[in-house]
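Student: I would like to go through a protein model with you, one question at a time. Please show it first.

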Amino acid sequence: MGQYGLSQSPVFKEAGDIYETSPFGMRTLGGKTCKHYGVDVVRYVGYNTTATIVAIADGKVTAVKNTVTGVDHDRNPEGNYVCIDHGGGMVSKYFHLKHGSIPASIHAGVTVHKGDTIGYMGNTGDSYGAHLHFQLEQNGQAIDGAPHLRGQ
């Protein structure tokens with residue numbers, strides 16, 4: 001956890017470093033131990049926490065949700081999200097996006113390109129403050145996305 005030491009992150013449009021707030025893997029939250037299938041990161045733009053989220057690579061959007069208005073720990077844990085199939089069994093998922101921030105052009109079936117805006121960092125779903133839950137899956141299995149975010 002901590003700062004990555006980057007001048008640019010592949011998931012944020014704005015230049016600057018990101019801060020990992022919760023790693024991939026087992027964690028204890030609220031007295032319960034569970035597996036965290038993604039990595040939580042924050043990118044501050046001055047005093048603004050609504051950093052622009054972009055696609056990490058070309059792919060086809062498979063799912064979008066943009067109706068969650070705020071924190072909802074039980075019924076909508078992912079909050080607002082975009083899921084992208086990059087081919088070769090690789091899927092990226094972007095959770096907790098700001099309500100109303102996903103462009104109308106981003107919907108299931110549309111092709112996106114690396115760097116395309118897919119929404120803004122938010123605080124929706126099972127969330128405790130504005131951040132991005134970035135999840136990578138290879139052949140249906142969650143993998144640690146942190147090395148990818150660091151360019152490794």
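Student: In which loop is asparagine 139 placed?
Tutor: This is a predicted model, where local features need pLDDT of at least 70, side-chain atom pairs count only at pLDDT 80 or more, and totals for chains, interfaces and linings use all residues. Residues are numbered from 1 along each chain as its sequence is written, and side-chain values use heavy atoms, with hydrogens and water left out. Strands (E, at least two residues) and helices (H or I, at least four) are DSSP runs numbered from the N terminus. On that basis, asparagine 139 is in the loop between β12 (132-138) and β13 (141-143).

Student: Is asparagine 139 buried or exposed?
Tutor: Buried means under 20% relative accessible area, exposed over 50%, and partly exposed in between, with a 1.4 Å probe and protein chains only. Asparagine 139 has a positive phi of about 50° although it is not a glycine. Because its relative accessible area is 59%, asparagine 139 is exposed.

Student: Histidine 96 has a positive phi too; what is its value?
Tutor: Histidine 96 sits in strand β9. At 5% relative accessibility, histidine 96 is buried. It is not a glycine, yet its phi is positive, at about 75°.

Student: With which side chain does lysine 93 make a polar contact?
Tutor: Lysine 93 belongs to strand β9 (residues 90-97), and its relative accessible area of 18% makes it buried. Not counting residues up to four places away in sequence, lysine 93 touches Val82, Cys83, His133, Phe134, Gln135 and Glu137, where contact means heavy atoms within 4.5 Å. A polar contact is a pair of N or O atoms within 3.5 Å; within protein, one must be able to donate a hydrogen and the other to accept it, and residues adjacent in sequence count only if both atoms are side-chain atoms. For the side chain of lysine 93, the partner at 2.9 Å is the side chain of glutamate 137.

Student: How far apart are phenylalanine 24 and valine 39 in space, C-alpha to C-alpha?
Tutor: Phenylalanine 24 is in the loop between β2 (19-22) and β3 (25-29), and at 23% relative accessibility it counts as partly exposed. Leaving aside neighbours within four places in sequence, its contacts include Tyr37, Gly38, Val39 and Ile143. Phenylalanine 24 and valine 39 are 15 residues apart in sequence, and their C-alpha distance is 4.9 Å.

Student: Which side chain does the side chain of serine 22 contact?
Tutor: Serine 22 lies in strand β2. With a relative accessible area of 9%, serine 22 is buried. Its side chain makes a polar contact of 2.7 Å with the side chain of arginine 27.

Student: How many strands does the protein chain have?
Tutor: Read along the sequence, the pattern is β-β-β-β-β-β-β-β-β-β-β-β-β-α. The secondary structure therefore comes to one helix and, by the DSSP runs, a strand count of 13.

Student: Why does the radius of gyration agree with a compact globule?
Tutor: The radius is taken over C-alpha atoms, and the globule rule is 2.2 Å times the number of residues to the power 0.38. The C-alpha atoms fill a box of roughly 40 × 35 × 35 Å along the principal axes. For 152 residues the rule gives a value near 15 Å, and the protein chain agrees because it has 14 Å.

Student: What share of the residues is buried?
Tutor: Among contacts with a separation of 6 or more, 61% are between residues 24 or more positions apart. Of the 152 residues in the protein chain, the buried share is 43%.
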